[in-house]
Amino acid sequence: MSYALSAEAAEFYESTFVPALFGSWARRAVAAAGLTPGRSVLDVACGTGAVARAASAVVGPTGTVVGVDLNPAMLAVARRLRLDLRFLEGDACALPFAAGAFDVAVSQAGLMFFDDQVAALRELGRVAGRVVVQVPGRLSESAGYRALVEVVARHAGPATADLLSVYFSAGSPALLSELLTRAGLLVDSFETWTSATRLDSLDTFLAVELLPFGALEPDVHDRIVLDCRTALAPFVSPTGAVAAPIEVQLVTARALPGARAGGPVGMLSG
Ligand SMILES: C[S@@+](CC[C@H](N)C(=O)[O-])C[C@H]1O[C@@H](n2cnc3c(N)ncnc32)[C@H](O)[C@@H]1O
């Protein structure tokens, strides 16, 4: 994900991706966080604030919710939607908060984009007593996306098809476990579950999901769309709506005792 995302792209993310996918993930991440009214929550790589809003519904007016993200356009949407929550610009790899500033730190669909994933996970454990990380799982176990990538590879070549792989790059349980261990986090629960991207039609699905592959030649684009009508047919209902399965990894963890010291300068309290 580019940090220079436009305002239009951020609004598109909120109006399309959040209802299609990340809104339901957010409710699941927040349920795993074990929040109660009055607790404090940090949403790391908050984007337009899907997790922050879901957390706010649980912690209520006596709780504290802060979101942090590198992308100003995403933050602008988050602030527009919820004036009562705090959204700050910052890097997951060097969070501007004191050790133990929050009860829970949640990061959803962000880890795969972080430059230093171990540093970011260590930061989550430093600033909060409990950590929740949710990421797309393996492409091989995400039937809808696997079918899409196969079609793109056939018509645009494997290098183009590979552009989607970053989204799934932190999704192997073995890799995720290794990253968590290297970050000094103790895993409390590790759940692999299957979600689905839900959109009203195959045309909408392709308009959205072909974006990560970049600019395609018009004839290549048209062949991909045509081929997808067959390859993705198993995921299209009689009404024309699409539900494309995608594997998800959901982990809850906490910092090992003694692993919480340090942190960047200029720290804020929660
Ligand atoms: C797919 S979006 C997920 C947004 C949100 N968590 C959700 O579930 O809708 C990924 C987000 O990660 C943010 N991001 C990427 N690298 C980051 C970093 N190092 N620190 C903070 N945010 C980052 C991007 O700006 C983007 O908003």
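In which kind of crossing, left-handed or right-handed, does H1 pass H2? In this predicted model, H1 passes H2 in a right-handed crossing.

## Helix H1 against helix H2

The axes of H1 and H2 come within 8 Å, with a crossing angle of roughly 45 degrees. H1 is therefore oblique to H2, since an angle counts as roughly parallel only under 35 degrees and as roughly perpendicular from 65 to 115.

On the H1 side, the contact is made by Glu-14, Val-18, Phe-22, Ala-26, Arg-27 and Val-30. Their counterparts in H2 are Ala-50, Val-51, Arg-53, Ala-54, Ala-55 and Val-58. By class, nine residues of this contact are nonpolar and three are charged, with no polar residue.

## Helix H1 against helix H3

Helix H3 spans residues 72-81, and its axis comes within 8 Å of that of H1, the two crossing at roughly 55 degrees. This angle makes H1 oblique to H3. The crossing in which H1 passes H3 is right-handed.

Ala-7, Ala-10, Glu-11, Tyr-13 and Glu-14 of H1 meet Ala-73, Met-74, Val-77, Arg-80 and Leu-81 of H3. Seven nonpolar and three charged residues make up this contact, and no polar ones.

Seven strands form an open sheet of mixed pairing, in the order S3-S2-S1-S4-S5-S7-S6. Its edge strands are S3 (86-89) and S6 (185-199), each of which pairs on one side only. Neighbouring strands are turned against each other by 20 degrees on average, direction ignored.

Strand S2 (residues 64-69) runs parallel to S3 and is joined to it by four bridges. Within this pairing, Val-66 stands opposite Arg-86 of S3. Helix H1 (residues 7-32) packs on the sheet and touches S4 (102-108), S5 (128-136), S6 and S7 (242-255). The direction of H1 makes about 155 degrees with that of S6. Helix H2 (residues 50-59) also packs on the sheet, touching S1 (40-44), S2, S3 and S4; the direction of H2 makes about 170 degrees with that of S2.

## Aromatic pairs

A search of the whole structure finds nine aromatic pairs. One of them joins Phe-113 and Tyr-167 in an edge-to-face arrangement, at 5.6 Å centre to centre and with 90 degrees between the planes.

This pair links distant parts of the chain, its residues being 54 apart. Phe-113 lies in the loop between S4 and helix H4 (117-127), whereas Tyr-167 lies in the loop between helix H6 (158-161) and helix H7 (173-182).

How values were computed. Residues numbered from 1 in each chain as written. Predicted model: local features only at pLDDT ≥ 70, side-chain atom pairs only at ≥ 80, totals over all residues. Heavy atoms only, no water. Pairing = 2+ DSSP bridges. Axes fitted to C-alpha atoms, helices over the stretch in contact; angles between N-to-C directions. Contact = heavy atoms within 4.5 Å. Parallel < 35°, antiparallel > 145°, perpendicular 65-115°, else oblique. Left-handed = near helix turned anticlockwise from the far one by under 90°. Nonpolar A, V, L, I, M, F, W, Y, C, P; charged D, E, K, R; others polar. Phe/Tyr/Trp six-rings, centres within 6.5 Å; stacked < 30°, edge-to-face > 60°.
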